[in-house]
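Hello,

Here is the structure I said I would pass on.

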Amino acid sequence: MNSKRLIYIDIIKVFSAFLIVMQHSLALEWAEHINPYDIQWKIINLVFIISRMGVPLFFMCSGATMFLRKHSIKEIYCSSIPRIIIPYIFWMLVYGGIEAVHSSSIPIAINSIIKAVIFGRYHTWFIAALLGLYIITPLIKEFIYNSNLLKYAIILSILFTVLLPYSRFIGDERLETVINDFKMHFVVGYILYYLLGYYLGNIIINAKHIYIYCITILTTLLVSQLLCVKNAVMLGAEIQNIFSDFSIIGVLLSASIFLSIRCITDCLKSSKKDITAKRHNSNHLSISHLASLGIGIYLAHPLFLPLIEPLHGLMRFWGILIIYSCSMTISFIISKTPLKKLFL
């Protein structure tokens with residue numbers, strides 16, 4: 001396996017975990033205090049837009065690594081899926097147990113635990129979507145290594161999950177209603193990022209491309225911010241559809257961030273050829289270890305969200321650091337125990 005690939009993917013995993021924590025830390029503050037004339041809300045809105053790219057980047061990393069080699073059906077069910085299911089069950093038992101402690105009777109307490117494991121929490125939809133992608137991986141592999149078929153699949157995904165919903169702008173919302181009613185985004189939507197991660201991880205790039213990626217990031221952020229402020233003035237309500245995972249801005253921004261980190265990592269590695277192999281391997285292992293805490297941070301961070309409820313406005317940014325630090329610390333401690341496979 002190519003070490004260059006591992007380094008940049010690990011960096012993206014660390015970054016995406018931070019973005020997800022950031023999103024959940026800012027969500028209520030962003031939605032409950034919409035004021036397009038308030039500079040604090042504008043700053044929070046801009047950061048919130050960036051934070052929404054955390055989940056797409058995570059799916060892209062999964063696709064980029066899963067297709068590095070062919071996985072058999074047996075390997076998917078005996079290795080890949082258990083690595084997600086086991087930590088998920090443990091953390092849902094934790095959340096269910098917290099509810100059970102405050103229950104009025106033993107039957108209600110048991111019911112709380114069972115419901116937590118079966119239905120999860122608001123943030124665990126990600127696990128179900130990832131499991132679905134893992135399950136269909138043996139099917140996808142039949143065309144993923146054919147560059148023309150891969151491009152065709154990505155184009156179709158963009159057409160059906162990104163472009164078609166924009167039909168509402170021509171005055172007909174029926175198509176978007178059908179897509180929403182059938183939850184098509186959650187059924188087939190994230191396969192776009194799963195495939196895109198592998199595709200963008202294998203295209204040829206060079207240092208000059210970083211300017212294109214950075215300009216795309218800045219342009220999409222500026223357009224998204226302007227549209228958000230405009231809609232907030234007109235509607236005074238949530239406007240996440242502008243920069244959602246399945247919007248044009250969301251796809252462009254996620255892909256540009258992915259490619260920027262890959263390009264920067266390649267450039268930095270090239271400029272440090274004189275670094276000894278021993279030191280290089282040490283740095284790689286450290287970032288790899290931090291990246292391995294991503295699932296643990298994702299599953300654990302809602303435990304600490306109540307800590308930042310008293311913080312409002314730009315003070316919420318301190319809350320992000322608090323929650324991320326707490327989640328990372330508990331995940332790091334668990335990773336040093338013999339039971340780490342049950343938690344991470």
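Predicted model: local features only at pLDDT ≥ 70, side-chain atom pairs only at ≥ 80, totals over all residues.

H4 against H6. Helix H4 spans residues 73-101 and helix H6 spans residues 125-144. Their axes lie 9 Å apart, at an angle of about 175°. Angles over 145 degrees count as roughly antiparallel, so H4 is roughly antiparallel to H6. On the H4 side the contact is made by Ile73, Ile76, Tyr77, Ser80, Ile81, Ile84, Ile85 and Tyr88. H6 contributes Ile127, Leu130, Leu131, Tyr134, Ile135, Thr137 and Pro138.

H4 against H5. Helix H5 covers residues 106-119, and its axis comes within 8 Å of that of H4, crossing at roughly 150°. H4 is therefore roughly antiparallel to H5 as well, and the crossing is right-handed. Here H4 uses Tyr88, Met92, Leu93, Gly96, Gly97, Glu99 and Ala100. They meet Ala109, Ser112, Ile113, Ala116, Val117, Ile118 and Phe119 of H5. This contact has 10 nonpolar, 3 polar and 1 charged residues. Tyr88 of H4 is listed in the contact with H6 and also in the contact with H5.

H10. The buried residues are Ile191, Leu192, Tyr193, Tyr194, Leu195, Leu196, Gly197, Tyr198 and Leu200.

Regards

Terms used: Residues numbered from 1 in each chain as written. Heavy atoms only, no water. Axes fitted to C-alpha atoms, helices over the stretch in contact; angles between N-to-C directions. Helix = DSSP H or I, 4+ residues; strand = E, 2+ residues; numbered from the N terminus. Parallel < 35°, antiparallel > 145°, perpendicular 65-115°, else oblique. Contact = heavy atoms within 4.5 Å. Buried < 20%, exposed > 50% of the residue type's maximum accessible area, 1.4 Å probe, protein only. Left-handed = near helix turned anticlockwise from the far one by under 90°. Nonpolar A, V, L, I, M, F, W, Y, C, P; charged D, E, K, R; others polar.
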